Amino acid sequence: MRVEVFETYTDLSQRTADIVADLVRRRPDAVLGLPTGSTPEGFYRALTQEDVSFRQVRTFNLDEYVGLPQSHPQSYFSFMNSHLYSKVDLVPANCRIPNGMAVDPDAECRHYEDLIRQAGGLDVVVLGIGLNGHIGFNEPGSPWDARTRRVPLAENTRQANARFFGGSVDGVPREALTMGIGTILEAKQILLLASGEGKAEIIRRTLEGEPDISVPATALQRHPNVTVLLDKAAARVLQRTA
Ligand code: PGA
């Protein structure tokens with residue numbers, strides 16, 4: 001895995017946007033795998049300022065909560081709408097997020113995998129990382145060949161996300177639909193972003209620890225084209241950054 005360390009969060013966000021915008025300039029119909037969360041907010045801010053058209057781009061989000069309608073302010077659809085969809089010329093029909101309200105979630109997940117396949121696979125997937133090493137909502141113990149599926153959220157993930165639900169863990173959904181680690185590993189390129197001292201230890205384990213199913217992000221060590229973009233705080237306890 002290549003590691004790039006930046007002085008500031010703004011710098012790492014800009015660099016991520018530059019990588020994605022360059023890809024879209026080279027391949028106007030690129031297929032992007034996209035994250036939500038606090039970490040990618042700066043990336044979206046920078047991406048919307050890039051001089052590039054997204055008219056032909058297809059996007060697939062990593063995950064969505066089960067049971068939140070699109071209109072819920074904390075749905076990942078709402079997040080994407082306010083951070084990206086409403087700011088660039090993406091075509092709505094080309095922007096996919098698993099439907100957390102699907103009557104048959106298993107069928108929805110199979111359909112999502114079909115849509116990714118029909119699009120020709122993901123050219124790049126941008127990832128954040130949870131404090132427990134989750135990628136998407138693939139919590140510790142997730143099989144590395146898993147596909148898009150319905151999953152329970154880890155208790156510490158729900159606690160970490162309570163800040164978005166009025167501070168109470170009770171309001172945080174208990175399940176999500178998420179691309180699997182197997183789905184993510186099939187992307188041609190992976191960008192993993194982390195910012196802040198709170199992520200320093202899990203980043204060290206991800207980059208320097210043994211591959212371990214209890215730290216889902218260590219699965220990325222298997223992929224030939226991963227770039228890890230960090231600010232100084234998130235890189236603080238790494239032994240090597242070359
Ligand atoms: P965060 O979440 O960017 O809000 O820290 C990352 C994640 O849980 O994947």
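**Pockets and ligand site in a predicted model**

Modeller: Since this is a predicted model, I would begin with the largest pocket, where β4 (63-65), α3 (76-85) and α5 (155-161) each supply at least two residues of the lining.

Biologist: How many residues line the largest pocket, and which lie nearest its centre?

Modeller: The lining of the largest pocket is made up of 34 residues, and those nearest the centre are Thr36, Gly37, Ser38, Tyr76 and Asn161.

Biologist: And how does that lining divide by class?

Modeller: For the largest pocket the lining comprises 14 nonpolar, 16 polar and four charged residues, and the space inside the pocket comes to about 600 Å³.

Biologist: Where does the ligand sit?

Modeller: The ligand is placed in the largest pocket, and the residues around the ligand are Gly37, Ser38, Thr39, Gly128, Ile129, Gly130, His134, Arg163 and Lys199. By class, that shell consists of one nonpolar, six polar and two charged residues.

Biologist: Which side chains have an N or O atom close to a ligand oxygen, say within 3.5 Å?

Modeller: In the side chain of histidine 134, an N or O atom is 2.6 Å from an oxygen atom of the ligand, while for the side chain of arginine 163 the corresponding distance to a ligand oxygen is 3.1 Å.

Biologist: What about the backbone of serine 38?

Modeller: There, a backbone N or O atom of serine 38 lies 2.9 Å from an oxygen atom of the ligand. As for burial, the ligand taken alone exposes 280 Å², of which the protein buries 81%.

Biologist: Changing topic, how much space lies in the second largest pocket?

Modeller: The second largest pocket holds about 190 Å³ of space, and it is lined by 17 residues, with Gln70, Ile97, Pro98, Asn99 and Glu108 closest to its centre.

Biologist: Which elements give two or more residues to that lining?

Modeller: Those elements are α3, β5 (95-96) and α4 (105-118), and the largest share of the lining of the second largest pocket, four residues, is contributed by α4.

Biologist: How do the residues lining the second largest pocket divide by class?

Modeller: Ten of the residues lining the second largest pocket are nonpolar, four are polar and three are charged.

Terms used. Residues numbered from 1 in each chain as written. Predicted model: local features only at pLDDT ≥ 70, side-chain atom pairs only at ≥ 80, totals over all residues. Heavy atoms only, no water. Near = heavy atom within 4 Å. Polar contact = N/O pair within 3.5 Å; in protein donor to acceptor, adjacent residues only side chain to side chain. Areas by Shrake-Rupley, 256 points an atom, 1.4 Å probe, with all protein chains shown as cover. 1 Å grid on protein atoms, 1.4 Å probe; cavity = no way out; pocket = protein on both sides within 12 Å on 5 of 7 lines; lining within 4 Å. Sits in = over half its atoms within 2 Å of the grid points. Nonpolar A, V, L, I, M, F, W, Y, C, P; charged D, E, K, R; others polar. Points joined across faces, edges and corners; volume = space filled by probe spheres on them.
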